[in-house]
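Me: I am new to this structure and would like to know what lies behind the terms used for it. Please start with how the parts of a chain are set against each other.

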Amino acid sequence: MKKVYINGSGTISSQKTFDNSEFLEEVTTYNDTVIPAVNPVYKDFIPGSAARRMAKGVKMGVVASNLAMQEAELESVDAIITGTGMGCVVDSEKFLSKLIDDNEQFLTPTSFIQSTHNTVGGQIALGIQCKGYNFTYVHSSVSFESALLDAQLQLINEEEKNILIGGVDEIGAHTTKVHGLVGHIKEENTETFSVLKSNTSGAVCSEGASFFVLSSEKQESTYAEVVAVQTFNTLSKENLQTTLNSFLMEHGLNVSTIDLIVLGNNGDVDYDQYYNLLVEGAFSEKQQVYYKHLSGEHNTVSSFGFWLGAKILKTQTVPAETRLNQKQINSIKTVLLYNQYRGENHSFTILKQC
Amino acid sequence: MGKGVAITGMGIISAIGNNVEENYNSLISSNKGISRISKIDTIHKDDIMVGEISFTNKELEKLLGLSSDNNYSRTALLGLVAAKEAVKEAGILDISEYKTGLISATSVGGMDMTEKFYYDYIESNTNRKYIEGHHAGDSTQKIAEELGIKESLVTTISTACSSAANAIMYGARLIKAGKLDRVVVGGADCLSKFTINGFKTLMILSDTYNTPFDENRKGLNLGEAAAFLVLESDALVAKENKKVLAYVKGYGNANDAYHQTASSENGDGATLAMEKALKVANLQAEDIDYINAHGTATGNNDLSEGRAILRVFKENVPDFSSTKPYTGHTLAAAGGIEAVYSILALQRNIIFPNLNFKTPMKEFAIIPQTELKKKELNTILSNSLGFGGNCSTVIFSKG
């Protein structure tokens, strides 16, 4: 069985993360309920005429995947596996509002064509002429992890050598508005470094794309090894620690062998207890890192956490703004990622230094 | 890969029946489920025909015993009906006894409710319970809960019209890798104004009965449906002495990388998908007894798919037919529906006819099977091709 390595990455988020030579050196702070992604210069990657037709999610996905392949020094890959929780909401909203406003008349196909969930995966394939396996997972906060697991299975079984995976979600005005109405988004503006202590319901909503080249061979650009990933549709607080213990044990690990934990807390007072159980429990003496105060929350933002964990392992540095506690160790070898959204769709991921 | 991954249960609801038996009876009596649309008030109602399921949402809720404050989209309602039948037929009494997952597929998700209450959500709080039901994973999450699948692998695939075929493929992969002992796989999609108008703008909706592989085909009929299979590991089948309906013998997915919606003229993606599936199954083209084609009856699909079939099978194209004239094109569910039909064909040694066919296409000489045909069937290949260049093939066999 082959191993799985992260050989390239590209991340577009509410922070300036698209430059792989930097690592959160300048943090952008917000005081809002919805925070957009910081745009790279899209026309450096996509011809202007094509870029104008693309919604932000497609552009972010195309550029992030481009950056990841550049870093891995690849022109194309064997397969493309995308995760997106909400899909192409901008074009869906555009088509649907016009449909309703004009009573099903005067519609044009462009926004319908670009509204399907596999638009990003399809556009990336089209751009690099990749005729290989192409899947899109659309299951809320485990969309990215589903793509990761699928890629891992194919790489360890030597079905493919290089697979592009990624998570992408974009902000849609109507979608954001109605999710605000049901309390999924915070009502009050929340300052970046106050997100976790906000003591309010909902999250700060955002958008972004993180893509990675996963390969069965290690190379100069390798960030880390992906050891394991597992997802759970439900998980009770009572079973969280025991489920995590069995997951670690299955991969020859236990809590004491984890050097650092990357947590998906988003400051939603109704659901952050899951993270607090680990922070105050088994991982209280471990180095703890969080990121959603910087990235905001969206269905595939755990791919930002995956980028953060991989980058920490590669650079052996922990950005000060991501530290949740004061614990520090000299050598970070094994990282655990934990994420859930609104108490459902939990995931554990283990990354290891190469 | 030996026998392949065992299928121990199946369930379906479509325009030609509310369960497996009803679907089979319609298939053998050439009973089409295509009609004018009755449940959606669209200005196109006199210009299109659809494969609509006769139950109303209220009737489905009652059938499923859901409380009145439920927030099920029609996709979730249809999905649950089919998934429950599949699990029942597999003889599963305690689903948590073995590591069981769920992989579903959908393209519209909860769009039927979103389009109904789009502005209403902002003005009043009466229907806001459906907001959470919009995203594609919601119906899957609900089906898992109702089936009793907890703390397990549950996910959703959305690759347009190949979605359910991909769910079957991924489920088989998970069983082979030992990640799960058992997995429920399939897909669900309901009719919506969104998809009706989307396909209308692409000008590929027929105003009459769809006629796959016919020279004068005018486009597709949209349909709504759900279908699920239960896949189980060899160890579990042996231990529980399970009756196996058929096996998932091979699978392949490839991308056309040609156009966001249209298929390439020579069917590159479909050719690759069929070749990959044959390789995984360790079979040759001549081992295929029947092809359940995607055959949507659009000008583009049937030409591209037909050419791909010719590229793979050359001068020995086996019997093939599209069952879309019965059900319409059920989008993300299609690969699941046609998996059930392929298994029925294997079980009963019968090929279901490609209805409505009259005139051969001028581009090639292959002609679909147009009459019900009794024939010993051991291996069936099923195609599902979709937007985004997504092409999938699944091979089913008796053993």
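Reply: In this predicted model, the centres of domain 1 of chain B and domain 2 of chain B, taken over C-alpha atoms, are 21 Å apart. Domain 1 of chain B covers 5-240 and domain 2 of chain B covers 248-397.

Me: What makes the contact between domain 1 of chain B and domain 2 of chain B, and how many residues does each give?

Reply: Residues are in contact if their C-beta atoms lie within 7 Å. The contact takes 63 residues from domain 1 of chain B and 54 residues from domain 2 of chain B. On the side of domain 1 of chain B that touches domain 2 of chain B, two or more residues come from each of several elements, among them strand 1 (5-13), helix 1 (20-28) and strand 6 (182-189) of chain B. Helix 7 of chain B supplies the largest share of that side, seven residues. By class, the side has 34 nonpolar, 23 polar and six charged residues.

Me: How is chain A divided, and how many residues do its domains bring to their contact?

Reply: Chain A has domain 1 (5-215) and domain 2 (227-352). Their centres, over C-alpha atoms, are separated by 21 Å. The contact takes 46 residues from domain 1 of chain A and 36 residues from domain 2 of chain A. Of the side of domain 1 of chain A that touches domain 2 of chain A, the largest share is seven residues from helix 6 of chain A. The residues of that side divide into 17 nonpolar, 26 polar and three charged.

Me: Why is Ser140(A) called buried?

Reply: The cut-off for buried is 20 or more other C-beta atoms within 10 Å. Ser140(A) has 26 C-beta neighbours inside 10 Å, so Ser140(A) counts as buried. Ser140(A) is placed in the loop between strand 5 (133-137) and helix 6 of chain A. Its phi is positive, about 45°, although Ser140(A) is not a glycine.

Me: Why is Glu151(B) called partly exposed?

Reply: A residue is exposed with 12 or fewer such atoms and buried with 20 or more, and partly exposed in between. Glu151(B) has 15 other C-beta atoms within 10 Å and is therefore partly exposed. Glu151(B) lies in the loop between helix 6 and strand 5 (154-157) of chain B. Phi of Glu151(B) is also positive, near 45°, in a residue other than glycine.

Me: What makes strand 9 of chain A a mostly covered strand?

Reply: Eight of the eight residues of strand 9 (residues 208-215) of chain A are buried. Both faces are covered, with Phe212(A) among the buried residues on one side and Phe211(A) among those on the other.

Me: How do you know that strand 1 and strand 6 of chain A pair with strand 9 of chain A?

Reply: Pairing needs at least two bridges. Strand 1 (residues 5-12) of chain A pairs with strand 9 of chain A over seven bridges, in the antiparallel sense. Ile6(A) stands opposite Leu214(A) there. Strand 6 (residues 162-169) of chain A pairs with strand 9 of chain A over eight bridges, also antiparallel. In that pair, Val168(A) stands opposite Ala209(A).

Me: What is the sense of the crossing of helix 3 of chain B and helix 6 of chain B?

Reply: The crossing is right-handed. The axes of helix 3 (residues 74-89) of chain B and helix 6 (residues 137-147) of chain B come within 9 Å and cross at roughly 40°. The contact includes Leu80(B) of helix 3 of chain B and Ile143(B) of helix 6 of chain B. Its residues divide into six nonpolar, three polar and three charged.

Notes:
Residues are numbered from 1 along each chain as its sequence is written. Chains are lettered from A and ligands numbered from 1 in the order in which they are written. This is a predicted model: local features need pLDDT of at least 70, side-chain atom pairs count only at pLDDT 80 or more; totals for chains, interfaces and linings use all residues. Helices (H or I, at least four residues) and strands (E, at least two) are DSSP runs, numbered from the N terminus. Axes are lines fitted to C-alpha atoms, for helices over the stretch in contact, and angles run from 0 to 180 degrees between N-to-C directions. A crossing is left-handed if the near helix is turned anticlockwise from the far one by less than a right angle, and right-handed if clockwise. Two residues are in contact if their C-beta atoms, placed from the backbone, lie within 7 Å. Ala, Val, Leu, Ile, Met, Phe, Trp, Tyr, Cys and Pro count as nonpolar, Asp, Glu, Lys and Arg as charged, and the others, Gly among them, as polar. Domain bounds come from an automatic or database domain assignment.
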